[in-house]
Amino acid sequence: MTQLDRTVQKFVDAVNAHDVDAFFQTLTPDASMSDDGNERNLAQWTDSEIFTTNGRMQVESVTVPTEFVADYANDRWGSMRTAWRFTVRDGLISRFETGQAG
């Protein structure tokens, strides 16, 4: 099985640990993101979709080290199958895209 990029693994670990500081330490200062193809404010989105709603993910499959499919769950939406794609620059995530997986 393909292993996740080290920084992406830290991102996943921070989400599952609900560790806001560790999460933001994986990101560049200018990081951006989208959800289902829509650009989102990263700080607002992560607060409402991860940290205040008990977000957690179980990686199901890794396509390449910076892409995976996960069972993502939070207290707002329940559980859903999601796809995640990351751009890593100089050891930090500069962008991530997520959305429902087919």
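The following legends describe close-up views of a predicted model. Local features require pLDDT of at least 70 and side-chain atom pairs pLDDT 80 or more, whereas totals for chains, interfaces and linings use all residues. Residues are numbered from 1 along each chain as its sequence is written, and side-chain values use heavy atoms, without hydrogens and water.

**View 1. The largest nonpolar core comprises 23 residues.** Such a core is a set of buried Ala, Val, Leu, Ile, Met, Phe, Trp, Tyr and Cys residues joined through side-chain atoms within 4.5 Å; buried denotes under 20% relative accessible area with a 1.4 Å probe, protein chains only. Among the residues with the most contacts inside this core are Phe11, Met57 and Trp84. Helix α1 (6–17) is one of the elements that give two or more residues, and its five residues form the largest share.

View 2. Rings of Phe, Tyr and Trp (its six-membered ring) pair if their centres lie within 6.5 Å; planes under 30 degrees apart count as stacked, over 60 as edge-to-face and the rest as tilted. Phe68 and Phe86 are stacked, at 5.7 Å centre to centre and 25 degrees between the planes. Both residues are buried. The pair of Tyr72 and Trp84 is tilted, because the planes stand at 55 degrees, with ring centres 5.8 Å apart.

View 3. Ser34 counts as buried because its relative accessibility is 6%. Its side chain forms a polar contact of 3.5 Å with that of Arg95. Beyond four places in sequence, contacts of Ser34 (heavy atoms within 4.5 Å) include Glu39, Phe96 and Thr98.

Technical notes
Buried < 20%, exposed > 50% of the residue type's maximum accessible area, 1.4 Å probe, protein only. Helix = DSSP H or I, 4+ residues; strand = E, 2+ residues; numbered from the N terminus. Polar contact = N/O pair within 3.5 Å; in protein donor to acceptor, adjacent residues only side chain to side chain.
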